[in-house]
Amino acid sequence: MRISLAQFVLGLISAFFVSGAAVAVELPSFSAAERIVRIPQIMMDNNNLLYDVELQLDFDSEKFLVQKYSDDAPTDIAELNLPFKLALGKTATISSTDLQLQFSDVTEDSRCPTGLACIWPGQAGVVIDVIRAGKDSEKITLTSPDSYPIIHELSGYKLELLGVQPYPVFDTAIKKQDYRLILRVIPLL
């Protein structure tokens, strides 16, 4: 049985990305001139790291290369349906919407530090300003227990808090400027 390169690549893609705890996928885009299939793929592993993946195909030699090209927070634009990181004090514009989200404060972080056994897992409280063109900004406070996602409905959208980073470690203080949120905005149907 002979399979085409496209069938092989699709099988590889599905096998490669199924291992993540949370995965969001859009349709790949293909550039024939560059021979690159770009898959806007973001995956969270046990360390809550984000990866964006590019698959380079050489149709002449039928070889391919999977390459991690970013694990940093996006600059200031986020895509609908895809998780993104947002640093404290920064604002992300959600493309194709009138939404902007600003991570404005950490009100508490009582999560049980790594290295300790706690009776209660604790929680983190964060404040996000929702900014819409022509409207007053709305402050929302999300409190995250030990399970995610934390969901907040906005007019026409669902905001998901998928994680608060970094996770506390025994005997190590977290500076406020080091906090990052992992968020996702999904349109309501």
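Hi everyone, let me start with a stretch to be careful about: over residues 44–51 the pLDDT stays under 50, and the model has 27 contacts there beyond four places in sequence. pLDDT is the predictor's confidence in each residue, from 0 to 100, and a contact means heavy atoms within 4.5 Å. Residues 12–28 also stay under 50, with 36 contacts beyond four places in sequence. Where pLDDT is low, the predicted coordinates should not be read in detail.

So, some ground rules. This is a predicted model, where local features need pLDDT of at least 70, side-chain atom pairs count only at pLDDT 80 or more, and totals for chains, interfaces and linings use all residues. Residues are numbered from 1 along each chain as its sequence is written, and side-chain values use heavy atoms, with hydrogens and water left out.

Now the overall picture. The mean pLDDT of the protein chain is 74, and 60% of its residues reach 70 or more. The chain comes to one helix and 15 strands; these are DSSP runs numbered from the N terminus, with helices being H or I of at least four residues and strands being E of at least two. Of the 189 residues, 37% are buried, where buried means under 20% relative accessible area, exposed over 50%, and partly exposed in between, using a 1.4 Å probe and protein chains only.

Four strands form an open sheet in the order 8-15-14-13, with antiparallel pairing; two strands pair if DSSP finds at least two bridges between them. At the edges are strand 8 (84–87) and strand 13 (150–154), each pairing on one side only.

Strand 8 pairs with strand 15 in the antiparallel sense over four bridges, and leucine 86 stands opposite leucine 181 in strand 15. Which residues of strand 8 are buried on its two sides? Phe84 and Leu86 are buried on one side, and Lys85 and Ala87 on the other.

Isoleucine 150 has leucine 161 as its bridge partner in strand 14, while leucine 154 has tyrosine 157. This hairpin has two residues between the strands, and glycine 156 takes a positive phi near 85°.

What about the interior? The largest nonpolar core has 27 residues, and Phe84, Leu101, Leu159, Leu183 and Val185 have the most contacts inside it. Such a core is a set of buried Ala, Val, Leu, Ile, Met, Phe, Trp, Tyr and Cys residues joined through side-chain atoms within 4.5 Å. Strands that each supply at least two residues of this core include strand 8, strand 10 (99–109), strand 14 and strand 15 (180–187).

Finally, how many disulfides does the structure hold? There is one, joining cysteine 112 to cysteine 118 with S to S at 2.0 Å; the cut-off is a pair of cysteine sulfur atoms within 2.5 Å. The torsion about that S-S bond is about 80°, so the disulfide is right-handed. Cysteine 112 counts as buried because its relative accessibility is 11%, whereas cysteine 118, at 36%, counts as partly exposed.
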